[in-house]
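Subject: Handover of a structure

Dear colleague,

Please find below the structure that I am handing over to you.

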Amino acid sequence: MSKGLLYCAAKNTDCMEIYLGGGTCKRATCVRDDPAYLAKEQAKEARRRELYKKSCDIKKEEQEAARKIRRQTRTKADQLREEITHKRRQMERYYTRGLTKLGNKASRELADLERRLEKEA
């Protein structure tokens, strides 16, 4: 803090009373010594700590959930089967809409996936 319009030399801080008083504080006791002010500041600090702890807990839960997602229990063959069914639906959709080039491409990819599945089994 620097000396300026709000600077209080007695408490080494900025104070609105100094500004309103034209450079001198008109209060007999400092606002920072007031028990109500101190209680309010303690309540703010407690709330800040509570919110910080809550955010840490949420972050920890998200990390645990992400770890569970990464641990997949499906086998490679199961994943290939799902991909094959998806590709087959996609191929049929292309052919029914008259998009033969895309349907042919999907058909080749489907054949490749089926070959890979045969190698796995």
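Of the 121 residues in the protein, 14% are buried (under 20% relative accessible area, with exposed over 50% and partly exposed in between, for a 1.4 Å probe and protein chains only). The model is predicted, with local features needing pLDDT of at least 70 and side-chain atom pairs counting only at pLDDT 80 or more, while totals for chains, interfaces and linings use all residues. Residues are numbered from 1 along each chain as its sequence is written, and side-chain values use heavy atoms, leaving out hydrogens and water.

The protein has 4 helices and 2 strands, in the order β-β-α-α-α-α along the sequence. Helices (H or I, at least four residues) and strands (E, at least two) are DSSP runs, numbered from the N terminus.

Helix H3 (residues 76–97) and helix H4 (residues 100–120) have axes that come within 9 Å and cross at roughly 160 degrees. H3 is therefore roughly antiparallel to H4 (an angle over 145 degrees, taken between N-to-C directions on a scale from 0 to 180 degrees, with axes fitted to C-alpha atoms over the stretch in contact). The contact of H3 with H4 involves 11 nonpolar, 4 polar and 9 charged residues. Here Ala, Val, Leu, Ile, Met, Phe, Trp, Tyr, Cys and Pro count as nonpolar, Asp, Glu, Lys and Arg as charged, and the others, Gly among them, as polar.

Val31 lies in the loop between H1 and helix H2 (35–70). Because its relative accessibility is 29%, Val31 counts as partly exposed. Between Val31 and Cys15 there are 8.8 Å in space, C-alpha to C-alpha, and the two are 16 residues apart in sequence.

Yours sincerely

Notes
Parallel < 35°, antiparallel > 145°, perpendicular 65-115°, else oblique.
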